[in-house]
Amino acid sequence: MEKYRIQNNIRRLRFDNNEMTQEQLAEKVGVTRQTILAIESAKYSPSLELAFKISQAFGVPLGEVFSYTAIDTPGQ
């Protein structure tokens with residue numbers, strides 16, 4: 001079975017939005033800065049509701065913030 005992971009463009013989108021800080025994004029979407037850090041570094045997958053809030057904070061479609069991609073695994 002193929003493995004997948006959620007990737008995101010949050011860091012780039014923050015930079016493109018007047019170098020928004022993790023704290024500023026966290027305040028906009030109602031979570032802690034640590035939650036944004038964990039999502040941005042792919043250590044935590046956001047709920048669907050939070051994913052939509054993040055995309056709305058940037059004013060872009062969900063698919064521009066998050067992607068679900070296959071992981072290359074050796075030997076397959």
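In this predicted model, helix H2 meets helix H3 through Gln22, Glu23, Leu25, Ala26 and Val29 on the H2 side and Arg33, Ile36, Leu37 and Glu40 on the H3 side. The residues of this contact comprise five nonpolar, one polar and three charged. Two packed helices are described by the angle between their axes and by the distance between those axes. For H2 and H3, the packing angle is about 105° and the axes lie 8 Å apart. Because angles of 65 to 115 degrees count as roughly perpendicular, H2 is roughly perpendicular to H3.

Within H3, the buried residues are Ile36, Ala38, Ile39 and Glu40. These buried residues pack against helices H1, H2 and H4, and also against strand S1 (4–8) and strand S2 (66–70). After H3 comes Ala42, whose phi is positive, near 60°.

In soluble globular proteins, nonpolar side chains tend to be buried together. The largest nonpolar core of the model has 16 residues. At least two residues of this core are supplied by each of helix H1 (10–16), helix H2 (22–29), helix H3 (33–40) and helix H4 (48–58). The largest share, five residues, comes from H4. The residues with the most contacts inside the core are Ile10, Leu25, Val29, Ile54, Phe58, Val65 and Phe66. Of these, Leu25 and Val29 also take part in the contact of H2 with H3.

When its neighbours within four places in sequence are left aside, Phe58 is in contact with Ile10, Leu13, Arg14, Asn17, Met20, Leu25 and Val65. Among these partners, Ile10, Leu25 and Val65 belong, like Phe58, to the residues with the most contacts inside the largest nonpolar core.

Aromatic rings were considered next. The count comes to one aromatic pair. The ring centres of Tyr4 and Tyr68 are 5.0 Å apart and the ring planes lie at 15°, so the pair is stacked, given that planes under 30 degrees apart count as stacked. Tyr4 is located in strand S1 and Tyr68 in strand S2; the pair therefore ties together parts that are 64 residues apart in sequence. With regard to accessibility, Tyr4 counts as partly exposed because its relative accessibility is 40%, whereas Tyr68, with a relative accessible area of 60%, is exposed.

Terms used:
Residues numbered from 1 in each chain as written. Predicted model: local features only at pLDDT ≥ 70, side-chain atom pairs only at ≥ 80, totals over all residues. Heavy atoms only, no water. Core = buried A, V, L, I, M, F, W, Y, C linked by side-chain atoms within 4.5 Å. Buried < 20%, exposed > 50% of the residue type's maximum accessible area, 1.4 Å probe, protein only. Helix = DSSP H or I, 4+ residues; strand = E, 2+ residues; numbered from the N terminus. Contact = heavy atoms within 4.5 Å. Axes fitted to C-alpha atoms, helices over the stretch in contact; angles between N-to-C directions. Parallel < 35°, antiparallel > 145°, perpendicular 65-115°, else oblique. Nonpolar A, V, L, I, M, F, W, Y, C, P; charged D, E, K, R; others polar. Phe/Tyr/Trp six-rings, centres within 6.5 Å; stacked < 30°, edge-to-face > 60°.
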